[in-house]
Amino acid sequence: MGESMQGLHRTHRCTEVSEQNIGETVTVMGWVQKRRNLGSLIFIDLRDRSGLLQIVFDEEHVGAAGFEKAGTLRSEYVVAVVGSVRKRDAAVNVQLKTGGIEVLAAELRILSESETPPFPIEENSQTKDEIRLKYRYLDLRRPDLQRNLMMKSKVTGLIRSFMEKEGFLEIETPILQKSTPEGARDYLVPSRVHPGQFYALPQSPQLFKQLLMCAGYDRYIQIARCFRDEDLRADRQPEFTQVDMEMAFVDVDDVLDVNERLLQYVFKEAIGVDIRLPLPRMPWREAMDRFGSDKPDTRFGMELVDVSDTVKGCGFGVFTGALENGGSVRGINAAGQAGMPRKKIDKLVEFAKGYGAKGLAYLCVNEDGTYKSSFAKFMTGDELKRLVEKMDAKPGDLLLFAADKNKIVWNVLGALRLELGRELGLIDENRYDFLWVTEFPLLEWSDEENRYMAMHHPFTMPMEEDWDKIDTAPGEVRAKAYDIVLNGTELGGGSVRIHRNDIQEKMFEALGFTKEKARENFGFLLNAFQYGVPPHAGLAYGLDRMVMHMVHADSIRDVIAFPKVKDASDLMAQAPDTVDEKQLEELGIAVTEQN
């Protein structure tokens with residue numbers, strides 16, 4: 001049974017008590033981290049979100065009953081302690097903020113008892129994720145997770161204060177809205193009042209923020225909850241937080257400028273990291289050619305090299321076949337790795353196959369200048385020499401090649417580059433490399449849908465100088481779209497929006513929408529555009545991803561209080577779940593078994 005805290009008022013959090021309070025009486029409250037009983041003295045480490053504070057009990061100061069009570073304390077009991085602050089006699093703990101002081105207890109109240117927790121409440125827990133997430137309310141007591149969530153709160157506050165000074169208005173947009181077909185799968189919400197009809201949860205506030213620009217609000221921001229019914233990865237969740245913004249009467253440079261200054265401010269204030277401005281920019285095509293990725297990690301080299309011209313007409317059918325099919329041959333140089341065991345190279349080949357490669361060709365430049373290669377017998381000595389020169393290879397280097405359609409070659413070598421970068425320790429984890437990737441393709445072909453799809457969304461403005469290709473070569477039209485990349489992760493992205501009806505209609509046409517279908521899905525936006533719409537552009541960050549990098553977390557789950565697991569379920573609250581038959585009847589919904 002717990003005691004009442006009536007009459008007590010907490011004066012300090014645990015680490016707010018310092019040497020300046022020596023001699024004062026304080027009241028602290030929190031959880032018992034651990035207890036040590038030395039007979040005539042009992043010590044506990046008291047924990048709250050600020051950290052640890054040592055409490056000492058002796059019979060003289062706390063009384064016989066109080067001392068006996070202190071002897072019953074266990075881990076995770078919630079207690080209130082009144083006592084005086086004193087300097088520690090010995091055993092100063094330099095690891096602790098409060099390591100030079102302790103509180104000598106005069107009064108103890110046990111506010112709540114605790115069963116033995118299923119795992120220790122400690123930093124860097126080795127407990128399985130499934131157990132930690134089942135008991136997330138206990139997991140969240142761990143100091144490292146608490147620091148992560150406090151950092152997220154701090155970052156959110158910094159963003160709000162910076163954007164307010166820049167003239168942005170915080171405006172909320174609807175959570176219950178209309179389902180639109182472009183993009184990821186929507187989460188649907190049945191309507192009781194309109195039987196057979198559904199709302200969708202927003203994948204982003206995109207249409208509404210554009211309407212706010214039509215309505216003259218000029219600069220909008222929202223810390224927005226967004227929902228996507230998609231397969232999950234380490235940096236994905238079905239619901240997440242987006243820092244969403246839109247600006248009117250701007251072009252690309254205006255959006256990039258305010259966001260560079262925002263990032264500089266937030267990273268400096270939150271974690272003391274200086275970001276030099278302006279941030280580098282790289283066109284999409286250059287990023288793909290050099291790094292095989294539209295979110296390149298630029299903290300290390302090992303860039304892709306296009307050797308298509310060098311191997312053209314050589315005797316190796318894998319290379320020439322790829323070129324004949326309109327593809328390319330590209331390679332990366334793993335410097336100093338020529339001695340890599342064959343078993344390990346085979347592992348890399350299997351890894352590459354996971355990214356769509358049919359195989360991987362390799363060439364080791366031995367220390368004596370000779371070659372060991374999977375394809376040497378198909379090429380002349382001269383051809384091999386030219387290839388090694390093109391790859392700028394030295395004795396001791398290992399060269400890896402992929403040959404296929406561009407998309408596959410980029411994918412394979414981009415992933416392989418990152419894998420080798422990690423394995424060989426080439427990545428400086430303390431570096432923050434920001435990069436704008438610009439000039440994305442406006443459209444990309446989908447074999448599944450057998451049509452062009454918008455690479456970002458259907459409201460992205462094409463670059464004026466490419467617009468004449470929209471009918472003849474739609475795949476070559478570049479967009480006024482930009483992503484902000486940090487250490488190989490896309491932190492956010494945005495674009496200048498289409499504000500002209502003629503361009504918007506043409507865009508829908510290129511995407512295979514009839515006029516009727518476009519009206520059906522986006523009618524309210526198209527109607528609004530008939531009443532004077534300013535040029536506008538915007539951007540959105542994944543807040544969780546940003547904080548994940550700031551605290552060096554391995555997973556986005558470590559910066560979300562109550563995350564879902566890979567199948568989008570909540571192990572603690574056991575959601576999703578079945579609902580009452582009565583609720584389904586009210587909604588006119590029947591659940592049928594899927595084959």
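**Rings, sheet and core**

Guide: Buried means under 20% relative accessible area, exposed is over 50%, and partly exposed is in between, using a 1.4 Å probe and protein chains only. The model is predicted, so local features need pLDDT of at least 70 and side-chain atom pairs count only at pLDDT 80 or more, while totals for chains, interfaces and linings use all residues. Residues are numbered from 1 along each chain as its sequence is written, and side-chain values use heavy atoms, with hydrogens and water left out.

Visitor: How many residues does the protein chain have, and what percentage count as buried?
Guide: The protein chain has 595 residues, and 48% of them count as buried. Its secondary structure comes to 16 helices and 22 strands. Those are DSSP runs numbered from the N terminus: helices are H or I with at least four residues, strands are E with at least two.

Visitor: Back to aromatics. How many aromatic pairs are there?
Guide: The count is 20 aromatic pairs. Rings of Phe, Tyr and Trp (its six-membered ring) pair if their centres lie within 6.5 Å; planes under 30 degrees apart are stacked, over 60 edge-to-face, and the rest tilted. Take F267 and F434: the ring centres are 5.1 Å apart and the planes are at 90°, so this pair is edge-to-face. F267 sits in helix α6 and F434 in strand β17 (residues 434-438), 167 residues apart.

Visitor: Are F267 and F434 buried or exposed?
Guide: Both F267 and F434 are buried. W436 and Y482 also make an edge-to-face pair, with 6.3 Å centre to centre and 90° between the planes. W436 lies in β17 and Y482 in β20 (residues 481-486), so that pair ties together parts 46 residues apart in sequence.

Visitor: Which residues form an aromatic cluster?
Guide: F316, F319, F375, F378 and F401 form one.

Visitor: Switching topic: what's the strand order in the eight-stranded open sheet?
Guide: The order is β6-β9-β10-β22-β21-β20-β17-β11, with mixed pairing. Two strands pair if DSSP finds at least two bridges between them. At the edges are β6 (169-170) and β11 (281-283); each has a single partner strand, so one side of each has no neighbour in the sheet.

Visitor: And how many bridges join β17 to β20?
Guide: Five, and the two strands run antiparallel. V437, for instance, has D483 in β20 as its bridge partner.

Visitor: Which strands does α6 touch?
Guide: α6 packs on the sheet and touches β9, β10, β11, β17, β20, β21 (489-496) and β22, where touching means heavy atoms within 4.5 Å. The direction of α6 makes about 30° with that of β22. Axes are lines fitted to C-alpha atoms, for helices over the stretch in contact, and angles run from 0 to 180 degrees between N-to-C directions.

Visitor: What about the largest nonpolar core, which residues have the most contacts inside it?
Guide: V155, I159, F267, F434 and Y541 do, in a core of 103 residues. The largest share, nine residues, comes from helix α6 (residues 252-271). Such a core is a set of buried Ala, Val, Leu, Ile, Met, Phe, Trp, Tyr and Cys residues joined through side-chain atoms within 4.5 Å. Apart from this core lies another, of 24 residues, including L46, F57, V79 and I101.
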